[in-house]
Amino acid sequence: MASVLGRIQNFDQSLTPSEVKIVEFLHKHPEAVVDNSINEVARLAGVSPASVSRLATTLGYRDWKEMRLNLVRDLSTPVKTVFSDIDKGDDGRAVIKKIFDCSILSLGDTFQQVNADDILRVVDALEKADRVVFFGTGRSGCFAMEEALRFAHLELSAEAYSDEYQMILQASRIARGQVAFGFSNSGRSRATVSVLEEARRRNALTVGIANYRGTPLERVSDIYFCTSFPRVGEISANLTARIALLCIMDAIFVLSTQRDGMSSRVRRADKLIDSTLRLNSKSRSD
């Protein structure tokens with residue numbers, strides 16, 4: 001199960017002011033929950049006990065007791081944590097270490113909260129679909145293009161669109177049984193949310209992937225994956241979230257290639273690409 005603080009970060013953009021006060025208190029004094037009741041935690045955070053209880057349910061726990069038990073577990077488990085983002089004062093070795101540490105934490109926490117059944121649902125839908133469309137703008141649009149190129153190895157039409165006009169046009173062409181992916185770092189990209197909403201209205205399976213929960217993208221997604229990243233600055237967050245996103249898509253692609261002997265077709269395509277587009281390696285002589 002993902003850590004409590006990891007879950008909190010995923011909901012950063014949708015918390016109420018009272019919930020933000022509780023979160024700030026927990027970040028500064030996570031050990032305070034070990035020996036204190038919900039009433040005492042509320043008093044120390046300057047909110048009502050009802051606000052503490054609502055935060056627990058917002059984060060997906062049954063109640064405050066379950067959230068408290070998980071936070072206590074997190075505190076008792078040694079975790080390598082990155083406390084700061086990459087800054088100008090870091091030397092080369094420090095930058096390298098921070099990048100790897102952030103990525104390791106991001107992958108571990110994302111894995112804990114990704115539902116394997118949801119990945120399998122996407123794979124099942126792709127097996128039956130004749131078309132998959134990837135949507136995203138900016139950097140997410142570049143990622144959409146990469147995924148369309150990769151999924152073109154499968155026996156379906158794989159397309160990607162990042163221009164807003166094209167995105168809207170293609171969303172209007174999506175049909176029942178097809179699959180639409182929407183990539184957005186924030187989960188609030190207006191164009192991506194709009195096209196997934198249209199695709200859903202047209203009975204396509206909509207799959208959203210972002211870095212936060214409780215977003216507009218999640219509301220228009222039949223299946224939603226949320227990546228996790230350490231609480232650091234924008235530089236590290238952007239790096240690690242992309243790696244976690246790639247792992248989710250890797251799992252979907254690899255599982256898709258295993259259906260109906262598709263992996264052998266992918267290998268043949270890769271072999272053809274290799275022989276056609278790449279130069280032969282020359283053996284080195286002594």
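Tutor: Welcome! This is a predicted model, where local features need pLDDT of at least 70, side-chain atom pairs count only at pLDDT 80 or more, and totals for chains, interfaces and linings use all residues. Residues are numbered from 1 along each chain as its sequence is written, and side-chain values use heavy atoms, leaving out hydrogens and water.

Student: Is isoleucine 99 buried, partly exposed or exposed?

Tutor: Isoleucine 99 sits in helix α7, residues 92-113. Buried means under 20% relative accessible area, exposed over 50%, and partly exposed in between (1.4 Å probe, protein chains only). Isoleucine 99 has a relative accessible area of 31%, so it is partly exposed.

Student: And threonine 110, buried or exposed?

Tutor: Threonine 110 is also placed in helix α7. Its relative accessibility is 4%, so threonine 110 counts as buried.

Student: Which residues does threonine 110 touch, not counting those up to four places away in sequence?

Tutor: Contact means heavy atoms within 4.5 Å. Leaving out residues up to four places away in sequence, the residues that threonine 110 touches are Cys226, Thr227, Ser228, Ala244 and Ile248.

Student: Which backbone oxygen does the side chain of threonine 110 reach?

Tutor: Look along the chain from threonine 110. At 2.8 Å, its side chain reaches the backbone oxygen of serine 106.

Student: In the largest nonpolar core, which residues touch the most other members?

Tutor: A nonpolar core is a set of buried Ala, Val, Leu, Ile, Met, Phe, Trp, Tyr and Cys residues joined through side-chain atoms within 4.5 Å. The largest one has 29 residues, and those touching the most other members are Phe134, Val179, Phe181, Phe183, Phe225, Met249 and Ile252.

Definitions and conventions
Helix = DSSP H or I, 4+ residues; strand = E, 2+ residues; numbered from the N terminus. Polar contact = N/O pair within 3.5 Å; in protein donor to acceptor, adjacent residues only side chain to side chain.
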